[in-house]
Amino acid sequence: MEIISPQNARVKEWAGLLEKKHRDRSGKYIVEGVHLVQEALLAEADVEILAYDIDKGMPAELGGLLQAAQGMETIAVSAAVIAKCSSTNTPQPVFAVIRKERDGAEAALDKQGSLVIVLDGVQDPGNVGTIIRSADAAGADGVILGRGCADLYNPKTIRSTMGSMFHLPVVEGDLAEILPQARQRGVLLVSTSLQGVDSCYSHDFRSGSQWLLIGSEGRGISPETARMVDKSIIIPMKGRAESLNAAMAATILLFEAMRQRGF
């Protein structure tokens, strides 16, 4: 199948996925570029449509993955169609429309000895995507995005994950519901604070399930979330910087936890 006109009704529907309200209503999102589409296919994400530049042809990197993607529709489109469906000034020659995962936080809640990163009000999509990438790199068991965080399916968030969103569970949910459930199951909730007694290097990340709470750079975690925290630790700094941004702080905690847990 081929679609040439950017005014095509299906193209307008795909382009609408660049906006959160359309993603929420349809339960779908869009990923752009060979690498991200490749990661989605390798992870067996629920890809509905794969569209590629009709003049450039199907990218060779994707050729061997197409047969395994059941129920996926492949469509050749014009450069104008790709431009309409792209969030960047230099569109890549392929994009995919993917159905959102419906799974909740049960996998993270049920796992013994889990390491999970929990974001509370982290609004910058670049930070959210980078934290997901760091969690993947450090071998974390999942990422939970509370209300007020940047949308997981924002194109900038997706690009910042560099495909890591397909490698581990990433859940959007209400922390007021999820965190009490976690505590009931024995999870230790740990946050960072300038008033923390232990540093992140003296804290024992090895015992049991631990969920690391990260708030926004400006406000930290919300008062409601803070009331559920079991322990606050500090990231020591030798220089004069007042603070680290959310992605940097999360990465330090994740890699210290990875080191302690036997890397």
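A residue counts as buried when its relative accessible area is under 20%. By that cut-off tyrosine 153 is buried, because its relative accessibility is 7%. The structure described here is a predicted model. A search of the whole structure finds two aromatic pairs and zero disulfides.

**Aromatic pair of tryptophan 14 and phenylalanine 95**

- The ring centres of tryptophan 14 and phenylalanine 95 are 5.8 Å apart, and the ring planes meet at 65°, so this pair is edge-to-face.
- Tryptophan 14 belongs to helix α1 (residues 9-16) and phenylalanine 95 to strand β5 (residues 94-99), so the pair ties together parts that are 81 residues apart in sequence.
- Tryptophan 14 is buried, with 2% relative accessibility.
- Phenylalanine 95 is buried as well, with 2% relative accessibility.

**Aromatic pair of tyrosine 29 and tyrosine 153**

- Tyrosine 29 and tyrosine 153 form a tilted pair, with 4.4 Å from centre to centre and 40° between the planes.
- This pair links distant parts of the chain, 124 residues apart.
- Tyrosine 29 sits in strand β2 (residues 28-32), while tyrosine 153 sits in the loop between β7 (142-145) and α8 (155-161).
- Tyrosine 29 is buried at a relative accessible area of 4%, and tyrosine 153 is buried at 7% relative accessibility.

**Helix α1**

- The buried residues of α1 are Val11, Trp14, Ala15 and Gly16.
- Asparagine 8 caps the N-terminal end of this helix.
- In that cap, a side-chain oxygen of asparagine 8 lies 2.7 Å from the backbone nitrogen of arginine 10.

**Cysteines**

- A disulfide is a covalent bond between the sulfur atoms of two cysteines.
- The search for disulfides in this structure gives zero.
- Cysteine 85 is buried, with a relative accessible area of 1%.
- Cysteine 149 also counts as buried, at 16% relative accessibility.

**Strand pairing**

- Strand β1 (residues 2-3) and strand β4 (residues 73-77) run parallel and are joined by two bridges.
- Glutamate 2 stands opposite alanine 76 of β4.
- Strand β3 (residues 47-53) also pairs with β4 in the parallel sense, over five bridges.
- Leucine 50 stands opposite threonine 74 of β4.

**Second largest pocket**

- The second largest pocket holds about 500 Å³ of space.
- This pocket is lined by 22 residues, and the closest to its centre are Thr192, Ser193, Leu194, Ser243 and Leu244.
- The elements that give two or more residues to the lining are β9 (188-192), β11 (210-215) and α11 (246-260).
- The largest share of the lining, three residues, comes from β11.

**Positive phi angles**

- Most residues other than glycine have a negative phi.
- Glutamate 44 has a positive phi, near 60°, and is found in the loop between α3 (34-42) and β3.
- Glutamate 44 counts as exposed, at 68% relative accessibility.
- Methionine 162 has a positive phi, near 55°, and lies in the loop between α8 and β8 (170-172).
- Methionine 162 counts as partly exposed, at 40% relative accessibility.

Terms used:
Residues numbered from 1 in each chain as written. Predicted model: local features only at pLDDT ≥ 70, side-chain atom pairs only at ≥ 80, totals over all residues. Heavy atoms only, no water. Phe/Tyr/Trp six-rings, centres within 6.5 Å; stacked < 30°, edge-to-face > 60°. Helix = DSSP H or I, 4+ residues; strand = E, 2+ residues; numbered from the N terminus. Buried < 20%, exposed > 50% of the residue type's maximum accessible area, 1.4 Å probe, protein only. Disulfide = S-S within 2.5 Å. Polar contact = N/O pair within 3.5 Å; in protein donor to acceptor, adjacent residues only side chain to side chain. Pairing = 2+ DSSP bridges. 1 Å grid on protein atoms, 1.4 Å probe; cavity = no way out; pocket = protein on both sides within 12 Å on 5 of 7 lines; lining within 4 Å. Points joined across faces, edges and corners; volume = space filled by probe spheres on them.
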